[in-house]
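Thanks for coming. I will go through one model this morning, helices and sheet pairings to begin with, then some single residues. Please have the picture up while I talk.

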Amino acid sequence: MGVSALIQSAPSKLILCGEHAVVYGQPALAVPLGDLRAYAEVSAGAPGSGFYLVAPDLGEAWHAHVKPEHPLSELALAVLASFGVTQADLVLRLHAEIPLASGMGSGAAIGTALVRALAAWFDQELPPVQIAELVYASERRFHGTPSGIDNTVVAHEQAIWYVRHLTPGAQAFTATIEPVVIKAPLHLVIGDTGVRSMTRLPVGAVREAWQADPPRYEAFFAAIGQVVYRVRTALSEGDQQQLGALFNENQALLEEIGVSSPELNHLVAAARQAGALGAKLSGAGWGGVMFALVTPDQRSTVVQALQQAGATSVIATTVASS
């Protein structure tokens, strides 16, 4: 704690395939995006000032003990308690380059950066699995019944295969987390619809639809799961054509379960018409982002097509081979 300020960060994420079905025990694949990050800066506050949080992206600033029910207060106080700290005069500033409520894991990234910053300030070593557990508790406040994939891929900062194991009637769950082999780099173009939709809304709608017609929706989830298995194989073989076709297949299933939107469908169609190998929404849906898999030669054409189709922002990025 000998420094005047300390900054830690965490990446955004992109679910390649398996969203929604992952909540029901099917696998999903997700990758971190290291060039879009959230930041947490810790500095010493005035003696007796307490723990103060500043989040300009949210338009908020508050004392943790005045608003202990705030998900970020709850997370920060839980982290401090795990270190045996009951009183801290600190200022914690949070900032994200990641569009909020876009499906790119802004909440998990902000939470992970927060945990990392407090751990570094108090000279504590926290493994990724422990960070992911702390952030998941906060994610539940934001999203209701998140799958756990966002906090996991962000905390581990590597491409992962994720399967959530369900225990009927239990609040907790376990998960299988495995690294994913990516033989050839993935050149992605991400288009933002500009429509903000909180994750819990489409997640809740899918849950209600599943409860109303379990056989129909479990068939959808199983079909999505089969796509994810095939995507993992295509990634390990570097088969980009097959990957693109599988992303298109996953998108069709997400449209069937009702989590796409006219804006997402419009951007997906624009990317495909511009020559993308495949395109789909990423995240909970009803807004947020989509992505297109492209070759390096197609990148600029697809970027331009998405801009012309009305994307509020377009990001070109590459996921390295592993």
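H1 covers residues 71-82 and H2 residues 106-121; their axes come within 10 Å and cross at roughly 30°. H1 and H2 are therefore roughly parallel to each other. On that scale, under 35 degrees is roughly parallel, over 145 roughly antiparallel, 65 to 115 roughly perpendicular, and the rest oblique. Axes here are lines fitted to C-alpha atoms, for helices over the stretch in contact, and angles run from 0 to 180 degrees between N-to-C directions. Helices (H or I, at least four residues) and strands (E, at least two) are DSSP runs, numbered from the N terminus.

Before I go on: this is a predicted model, in which local features need pLDDT of at least 70 and side-chain atom pairs count only at pLDDT 80 or more, while totals for chains, interfaces and linings use all residues. Residues are numbered from 1 along each chain as its sequence is written, and side-chain values use heavy atoms, with hydrogens and water left out.

Contact means heavy atoms within 4.5 Å. Nonpolar covers Ala, Val, Leu, Ile, Met, Phe, Trp, Tyr, Cys and Pro; charged covers Asp, Glu, Lys and Arg; the others, Gly among them, are polar.

H7 (residues 240-256) and H8 (residues 262-273) pack at about 160°, with axes 12 Å apart. That makes H7 roughly antiparallel to H8. Their crossing is left-handed. Asn248, Gln251 and Glu255 of H7 meet Asn265, Val268 and Arg272 of H8. This contact divides into 1 nonpolar, 3 polar and 2 charged residues.

Next, the sheet. Which order do the strands take? It is an open sheet of 4 strands, ordered E9-E10-E8-E11, with antiparallel pairing. E9 (278-282) and E11 (313-319) stand at the edges with a single partner strand each, so one side of each has no neighbour in the sheet. On average, neighbouring strands are turned by 25° against each other, direction ignored. Two strands pair if DSSP finds at least two bridges between them. E8 (residues 186-192) and E11 have 7 bridges, in the antiparallel sense, and Leu186 has Val319 in E11 as its bridge partner. Helix H9 (residues 299-308) lies across E8, E10 (289-294) and E11, and runs at about 150° to E11.

There is also a hairpin. E3 (residues 51-55) and E4 (residues 60-63) are antiparallel, paired over 4 bridges, and Val54 stands opposite Ala61 in E4. Between the two strands are 4 residues, and Gly59 in this hairpin has a positive phi near 70°.

Most residues other than glycine have a negative phi. His20 is not a glycine, yet its phi is positive, about 70°. His20 sits in the loop between E1 (5-17) and E2 (27-44) and is buried, at 5% relative accessible area. Buried means under 20%, exposed over 50%, and partly exposed in between, with a 1.4 Å probe and protein chains only.

Glu157 is another non-glycine residue with a positive phi, near 55°. Glu157 lies in the loop between H4 and E6 (160-165) and counts as partly exposed at 34% relative accessibility. As for H4 itself (residues 149-156), 7 of its 8 residues are buried, so the helix is largely enclosed by the rest of the structure.

Leaving out residues up to four places away in sequence, Arg116 touches Gln8, Ser9, Ala10, Pro11, Arg37, Ile131, Val154, Ala155 and Glu157. Arg232 is in H6 (residues 214-237) and is partly exposed at 24% relative accessibility. With the same exclusion of residues up to four places away, Arg232 touches Leu29, Trp161, Glu178 and Pro179. Arg232 and Cys17 are 215 residues apart in sequence, but 9.7 Å apart in space, C-alpha to C-alpha.

Methods. A crossing is left-handed if the near helix is turned anticlockwise from the far one by less than a right angle, and right-handed if clockwise.
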